[in-house]
Amino acid sequence: MDELNLDNWKTQIRRGYLELSILMIIKFKGRVYGFELIDELKKYDLLIKEGTLYPLLNRMTTDLLLSSVWETESLSGHPRKFYSLTNKGTQILNLMQNEYEKMWSIYCELKK
């Protein structure tokens with residue numbers, strides 16, 4: 001595999017892993033807004049810029065994996081768009097987790 005193909009492979013893996021991570025964070029937090037999600041991802045060394053995150057969240061909303069609602073916080077008065085998992089999003093997350101677990105089990109088995 002040459003360097004160009006390796007870079008493409010890494011990009012594809014990172015994209016899938018990022019989507020999985022976003023769905024998992026939203027599942028466990030219940031609902032999140034964009035900057036909160038960026039902060040959560042940073043905790044796991046997944047650095048993402050707003051220009052990458054918001055189009056991804058919009059696509060996931062269009063694909064009916066997420067629902068979104070604008071709310072104004074009483075303390076700051078700033079409107080924020082909160083994202084939650086839909087039923088379809090939960091189903092897709094479960095499928096993604098199963099695939100990830102399969103890959104991980106192969107790695108662990110071969111590493112023995």
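Which side chain meets that of arginine 59 in a salt bridge? The partner is glutamate 19, at 2.5 Å from N to O. The model is predicted, and a search of the whole structure finds seven salt bridges.

**Arginine 59 and glutamate 19**
- Glutamate 19 has a relative accessible area of 15%, so it counts as buried, the cut-off being under 20%.
- Arginine 59 is partly exposed, at 34% relative accessibility.

**Glutamate 71 and arginine 31**
- In this salt bridge the closest N and O atoms are 2.8 Å apart.
- Glutamate 71 belongs to strand S2 (residues 66-72), while arginine 31 is in the loop between H1 and strand S1 (32-33); the pair links distant parts of the chain, 40 residues apart.
- Glutamate 71 is partly exposed at 31%, and arginine 31 is partly exposed at 33%.

**A salt-bridge network**
- Salt bridges link Lys29, Glu36, Glu40 and Lys43 in a network.
- Within this group, lysine 29 bonds to glutamate 36 through a salt bridge whose closest N and O atoms are 3.6 Å apart.
- Lysine 29 is partly exposed, with a relative accessibility of 40%.

**Helices H2 and H3**
- H2 (residues 34-43) packs against H3 (residues 50-62) at an angle of about 115°, and their axes are 11 Å apart.
- The crossing of H2 past H3 is right-handed.
- From H2, Gly34, Phe35, Leu37 and Ile38 meet Glu50, Leu53, Tyr54 and Leu57 of H3.
- This contact has six nonpolar residues, one polar and one charged.

Methods. Residues are numbered from 1 along each chain as its sequence is written. This is a predicted model: local features need pLDDT of at least 70, side-chain atom pairs count only at pLDDT 80 or more; totals for chains, interfaces and linings use all residues. Side-chain values use heavy atoms; hydrogens and water are left out. Axes are lines fitted to C-alpha atoms, for helices over the stretch in contact, and angles run from 0 to 180 degrees between N-to-C directions. Helices (H or I, at least four residues) and strands (E, at least two) are DSSP runs, numbered from the N terminus. A crossing is left-handed if the near helix is turned anticlockwise from the far one by less than a right angle, and right-handed if clockwise. Contact means heavy atoms within 4.5 Å. Ala, Val, Leu, Ile, Met, Phe, Trp, Tyr, Cys and Pro count as nonpolar, Asp, Glu, Lys and Arg as charged, and the others, Gly among them, as polar. A salt bridge is a side-chain nitrogen of Lys or Arg within 4 Å of a carboxyl oxygen of Asp or Glu. Buried means under 20% relative accessible area, exposed over 50%, partly exposed in between (1.4 Å probe, protein chains only).
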